[in-house]
Amino acid sequence: MKYNKILIFFAFALPVSIGLRLMQLFFIIEPETGFYKPEYSAYGIAILIIIFSFAAVTAIFALFSHRSPEHPPKVNLPLGLASIVIALSVAAELYFTDFTGVLAWQSALFKFFAAVAALWFAAYSITDYLGFKLPALTFAIPAIYLIIKIICSYTAISSLALISDNALLLGANCASLLFFLSFGKLYNNIDTELGFRRLLATGLASIILCFTQSVPNILFNLITKVKYYHTAPVTSVGVFFTGVFICAFVFSHFKYSNACSSNK
């Protein structure tokens with residue numbers, strides 16, 4: 001499937017998903033509890049299914065892409081800035097996030113790998129500007145950090161009733177984990193035949209879910225007097241900047257000038 005056609009569907013799916021989530025927050029969800037209003041619960045469930053379907057269909061289309069990049073992208077200005085802001089957001093989560101109900105060793109692991117990931121993203125942002133390369137194995141750090149984060153997040157909400165916030169947050173984190181697994185494989189020359197398709201598929205799906213989880217929550221809290229904190233603000237900001245980094249990387253990696261001449 002042509003890369004441009006995939007992007008056309010992605011450009012449709014992303015704003016529609018964000019718009020549907022905004023509709024949920026403003027009209028379907030009770031801000032105090034996070035549950036759907038009883039009379040609108042069917043609509044709320046349907047919207048959630050549509051959002052995840054958009055992400056899944058975008059990923060499926062991307063799995064048939066023919067745009068094969070020749071090499072990993074250079075850390076240009078957008079990618080460098082995105083790496084800096086995700087480093088800052090991970091550092092903020094390290095400082096402000098306090099998972100309730102998790103075991104002490106889980107919390108300690110999260111704090112350790114959050115610190116390591118923040119430092120790694122900061123270092124990655126300046127690699128091409130200072131002319132040095134990070135060791136290939138270190139590209140597994142973002143994935144390890146997300147694995148620990150998902151474990152802590154799931155442990156914290158496992159005893160609570162499942163609301164749409166938790167579903168979207170776990171979906172965004174799991175999609176991002178799959179992207180960073182492909183990201184790490186790219187820099188370690190693993191799965192070179194089909195890895196570019198998985199990278200594009202997981203990247204576009206992650207962008208949809210990250211922005212759909214974070215942007216509506218941030219806008220709702222900025223626009224309304226009723227505060228919606230079923231997902232901590234620092235968490236939503238972290239998910240947003242994760243989406244920003246993935247977006248910057250994907251569009252830098254798959255730009256026309258970086259593609260193999262036979263697959264443009």
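Modeller: In this predicted model, ring pairs join Trp 120, Phe 121, Tyr 124, Phe 139, Phe 179, Phe 180, Phe 183, Tyr 187, Phe 245 and Phe 249 into a cluster. The whole structure contains 36 aromatic pairs. One of these is formed by Trp 120 and Phe 183, an edge-to-face pair with 6.1 Å centre to centre and 85° between the planes. Trp 120 belongs to helix H4 and Phe 183 to helix H7, so this pair ties together parts that are 63 residues apart in sequence. Both Trp 120 and Phe 183 are buried.

Phe 183 also pairs with Phe 249, again edge-to-face, at 4.9 Å centre to centre and with 75° between the planes. Because Phe 183 lies in helix H7 and Phe 249 in helix H9, this second pair ties together parts that are 66 residues apart in sequence. The relative accessible area of Phe 183 is 0%, which makes Phe 183 buried; Phe 249 is likewise buried, with a relative accessible area of 0%. Leaving aside neighbours within four places in sequence, the contacts of Phe 183 are Trp 120, Tyr 124, Phe 139, Leu 199, Phe 245 and Phe 249.

In soluble globular proteins, nonpolar side chains tend to be buried together. The largest nonpolar core here has 75 residues, of which Tyr 124, Phe 180, Phe 183 and Phe 245 touch the most other members. At least two residues of this core come from each of helix H1 (3-28), helix H2 (41-62), H3, H4, H6, H7, helix H8 (195-223) and H9. H8 supplies the largest share, 13 residues.

H4 spans residues 104-124, and its 21 residues reach 30 Å from the first C-alpha to the last, close to the 30 Å expected at 1.5 Å a residue. Its buried residues are Gln 106, Phe 110, Phe 113, Ala 114, Ala 117, Ala 118, Trp 120, Phe 121 and Tyr 124. Seen down the helix axis, these buried residues fall within an arc of 165°, so they line one face of H4. The face turned away from that buried side carries the exposed residues Ala 104 and Leu 119. The buried residues of H4 pack against helix H3 (77-96), helix H5 (127-130), helix H6 (141-157), helix H7 (164-187) and helix H9 (233-253).

Asn 173 counts as buried because its relative accessibility is 3%. Not counting residues up to four places away in sequence, Asn 173 touches Leu 146, Lys 149, Ile 150, Ser 153 and Val 239. Asn 189, by contrast, is found in the loop between H7 and H8 and counts as exposed, at 63% relative accessibility. Its phi is near 55°, a positive value in a residue other than glycine.

Finally, the cysteines may be considered. A search of the whole structure finds zero disulfides. Cys 152 is in no disulfide, and the nearest cysteine sulfur, that of Cys 174, is 13 Å away. With 1% relative accessibility, Cys 152 counts as buried. The sulfur of Cys 247 is 10 Å from the closest cysteine sulfur, in Cys 210, which is too far for a bond. Cys 247 is partly exposed, with a relative accessible area of 22%.

Methods. Residues numbered from 1 in each chain as written. Predicted model: local features only at pLDDT ≥ 70, side-chain atom pairs only at ≥ 80, totals over all residues. Heavy atoms only, no water. Disulfide = S-S within 2.5 Å. Buried < 20%, exposed > 50% of the residue type's maximum accessible area, 1.4 Å probe, protein only. Helix = DSSP H or I, 4+ residues; strand = E, 2+ residues; numbered from the N terminus. Expected span 1.5 Å × (residues − 1). Arc of directions from axis to C-beta. Contact = heavy atoms within 4.5 Å. Core = buried A, V, L, I, M, F, W, Y, C linked by side-chain atoms within 4.5 Å. Phe/Tyr/Trp six-rings, centres within 6.5 Å; stacked < 30°, edge-to-face > 60°.
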